[in-house]
Amino acid sequence: MKLMKTMMAATAMVALAAGAAEAKQLVYCSEASPAHFDPGPLTGGNDFDASSQTIYNRLVEFVPGTTEVAPALAESWEISDDGLEYTFHLRPGVKFHTTSYFTPSRDLNADDVIFSFERQYKEDNPWNQYLEGMTWDYFQGMDMPKYIKSLEKVDDLTVKLTLTEPNAPMLANLAMDFASIVSKEYADKLEADGNMAAFSTQPIGTGPFQFVDYQLDTVIRYQAFADYWDGKQPIDDLVFAITTDASVRAQRLLAGECDIMPYPAPADIETLKADENLNVMEQEGLNIGYISYNVTEKPFDNPEVRKALTMAIDKQAIIDAVYQGAGQDAKNLIPPTMWSYNDAIPADVYDPEKAKQMLEEAGVTDLTTDLWAIPVSRPYNPNGQRVAELIQSDWAKVGVTANIVTYEWTEYRERGKQKDRKGPFMIGWTGDNGDPDNFFATLFSCSAIGVSNYSSWCNDDFETAIQDAKKTADQDERAALYTKAQEIFKQEEPAITLAHSRVFMPMNKKVQNYKMSPLGSHIFKGVDIAE
Amino acid sequence: MLTYVLRKLALLLPTILGISICAFAFVRVLPGDPILAMAGQHGVTPERYEILKEQFGYNLPIWQQYFNYLWSVLRGDFGISLATKRPVINEFMTLFPATIELSLSAMFLAVIIGIPAGIFAAVKRGSWFDQFTMGVALTGYSMPIFWWGLLLIIFFSGYLGWTPVSGRIDLTFFLRPITGFMLIDTLLYGNWPAFVSAVRHLILPAVVLGTIPLAVIARQTRSAMLEVLGEDYVRTAKAKGMPPRRVVNVHALRNALIPVVTTIGLQVGLLLGGAILTETIFTWPGIGKWMIDSISKRDYVVVQSGLLIIALIVMAVNLLVDLLYALINPRIRVQ
Amino acid sequence: MSTTTEPPVTTKPVSGLREFWYYFSVNRGAVIGLTVFAILLICAIFAPWIAPYSPDVQFRDALLKPPVWDAAADPRFLLGTDPVGRDILSRLIHGARFSLFIGFFVVVGALVVGVVLGVLAGYFGGWVDALVMRVMDIILAFPPLLLALVLVAILGPGLFNAMIAIALVLQPHFARLVRAAVMAEKNREYVTAAKLSGAGHIRLMLITILPNCLGPLIVQATLSFSNAILEAAALGFLGMGAQPPTPEWGTMLASAREFIIKAPWVVTFPGLAILITVLAINLIGDGLRDALDPKLKRS
């Protein structure tokens, strides 16, 4: 009886606490623990969601829900006619976070911007290696060291960036997560204290939310930044509840333990959509799942063989069984939402009879090959093994024996890169900045052979088109070049373009104003929660 | 007794050395590349690769790498996680209480249900209760616990909605850890609703993890009890007309519990293994999940030091059990 | 067991076997276990003839069909189909092959290695004993599943590697058991007698001493058999065991885990199959122990 009373008192207390606390809290069931909170060296989407998209800003940012670039910390900018000089005018009066561990004495200025970039490529900068073995993956990956000639402070609120050669996607690059602006004042203080590692665990930024606490592998807590330059957020507290398993995330959302979650398992989407408290947003993903033939290997050096093998695959069955309908047949390398998408290209047809005939004409009988299956679930391909099983069974019907091979993920990519790799290699890509160059040049340029051109495919016409497109600033001209590139790609078929996955974002109906980012970020700026 | 302890400890030294060699060697022969594991979608340039290799000491001869490692471990430095760049020992210390809390709760359930069930089954040998309990125990002992956990989640959290799906406490409670043990922390804060929430989160994982130890303990208690009940002194006590209840309580129980205590101690290794599965299913932030995540992420430093720390803990517990056993059973010592 | 100086010759084994069967068959559970095991064995051996379909054939028109008692079922598939349209019943029947094979292989592997090491350690004692036992201590210091996981990560995921890893993890139990038994037996009169009559080391170890520790070994082997199946399934569940499309039960469960809400049967049946198999073997194990352990027999 006594226990009963205590229990009742406890319930009453909960009710009271709920009534008293006016704070609006949004709980996001995130898919993985962030490595840390300094976006510069990070690589994972989950890392960026927890750092750059909440705590930090960039000079320019993508307009929510699009890949369009808009002013952020830079109010305005000019680009010289030769495309080599970028002058950024910083927004005055931008405040850094004030937390229990740091109180800023000044607003954002040009020093912060220069520091944010210099630490990523100047090896004599003490912050270039402030964590053991750190790499600046994106900065390197986007070829920034090659393009940046100089970065100078003109005055306190003006910064000038000079390039070595014109690069049309540069502005979009600067909107990427790695280009987040950090506080030089905070860095100097930590350096003086001899506590540099704290830069990655106790972050200070200018973003809409400020960091409160992180319990390893469990929960990250933020609060809205009262002095945010674009006004305080409608919610007060933002919580990331780290939940690695997709089914468990779905269960938590259904049980009301969180308000919004990313990456539902395809199998759960139906159930989530059916729940009356939930709302499932969806969007085309800016990604591609594909299978690279090695065009230097016999008989895959013959485009007719490549086309025949593609024709032998029942892509619709893959989309049904693996993507569970959450995918869309890919006829081009870039997804349909991206500008310059060539819709005139006909979709791949499934015709095992004709495929068999084409193989015979090419003199290919009794082909036995390896088929590489990705060992992990990726946004562009939820289950590589299952895709491989389906293709194996399809190819068997045209007399091709496929042995499925796979390795641990890093090993897999290493082996896949080798120019003498045997067999078609399953892989994929998620766009970084919304520019077609980020797909075409990264994945199929001649210079990417041995890096990320898994087909070892180097076609002169294709190469000319994409290199010209990179140097041109005119959007229409670029679009025409990429349209042509897609035609060449289809004639040559260096890879089977499998599918673009659809991205789903289930959330409680209370969540308002959430916008899905085509780049796969999860952004809570401007999101409100109804009482 | 002291010589016994010293002898045991002396035997331990080569074992510990062996464990450190194993942990080190395992990680060296893991396929994959620690440097590449750190890089993302874009990879790493060959020059940078060489620099990093040197920085991490992977270019040194293998024996030198081992001695460097051993030396830093002896100084209490277990290395820095490749993924989070935080000291491994800090991560371990943050996550370990969660595993301990889960394991102790599981063991608690196993003991408070298993021992009485075993005693009762032994006393009522052959009854339907005995047969039923032992049937259930054997089923529990045969249970693939990862599957069992999933079933319980579907039923209790999904279908009935009685228990939370995962996590250690409701997210509305924001308590900075003091001891890291959720049950103790919530009480230290005097936050009763938080305590209730922590208990509710703990129940299912503890049941799942406790299933096999419960079955083992029930079976062990029963057979130990049966053996003791057959001993002369118990028969004598019975023959003298002592009430059966007193026979059980006074004579049989104490002697029967000695092997049971050992069994409990020996479950530690199994519990840590079970914790890997349980923590994975319930996304419980403990060291089991930490280890498996690190293996799949190829966080070499964490795998190496994690293995070492876990093995040392298992050994320490086994040693403790040995000593305890020797203490209650003096015959062991002279052997 | 007996301390007669003459090793038992012809009449004893028959009556021993009969006595053994008498005690074994008294245990109803053990008989049920044996029956279930026999059925599983038949399923495994004759899988291609018993199973309605090949385990790999994909019915693209019947993805994720529920079992027959459900209204939405497809009558062709008794227990429904999996995400790529394969018949679950057929996969389960073929899966019995893998599980029993795993159990068998692991036990034989662990037994052979464990017995050899245990006999060597127990018979020779001294530094051989110290060395072998320290190595066993090291293996036993790691939680078995964790060690198996790391070993599989090293060898590469796959059924065969998983079996090697599990055998290695289970083998110290045999070694310890045999060593203790050998040490207890080696100073008995019959061994001394054999030694005096000029028997060599190997003969003494394998023919004279070993048969006398057979009882506990058999019990331990049954235990390891069920353990091996469970551990292999756990590795499969963590993605480190047999690789899809192998119809191994743990792997089936893991690759279907995302369907737990939408299609619970793809998760339920493989788990149930594991449970039943392991339970049957453990029932047999209990029966064996009762029949072979003279102390428990009389109490």
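Helices here are DSSP runs of H or I with at least four residues, and strands are E runs of at least two, numbered from the N terminus. This is a predicted model, in which local features need pLDDT of at least 70 and side-chain atom pairs count only at pLDDT 80 or more, while totals for chains, interfaces and linings use all residues. Residues are numbered from 1 along each chain as its sequence is written, and chains are lettered from A in the order in which they are written.

Let's start inside chain B. The axes (lines fitted to C-alpha atoms over the stretch in contact, with angles from 0 to 180 degrees between N-to-C directions) of helix 12 (residues 287-297) and helix 13 (residues 300-328) of chain B come within 8 Å and cross at roughly 140°. The two helices are therefore oblique to each other, because angles under 35 degrees count as roughly parallel, over 145 as roughly antiparallel, 65 to 115 as roughly perpendicular and the rest as oblique.

Where do helix 12 and helix 13 of chain B meet? Helix 12 brings B:Ile287, B:Trp290, B:Met291, B:Ser294 and B:Ile295 to B:Val302, B:Val303 and B:Gly306 of helix 13, contact meaning C-beta atoms, placed from the backbone, within 7 Å.

Now for the neighbours of chain A. With chain B, 38 residues of chain A are in contact with 45 of chain B. On that side of chain B, helix 2 (34-38), helix 3 (46-55), helix 5 (88-123), helix 7 (145-159) and helix 9 (192-229) each supply at least two residues. Chain C joins in through 13 residues, which contact 15 residues of chain A.

Methods: Two residues are in contact if their C-beta atoms, placed from the backbone, lie within 7 Å.
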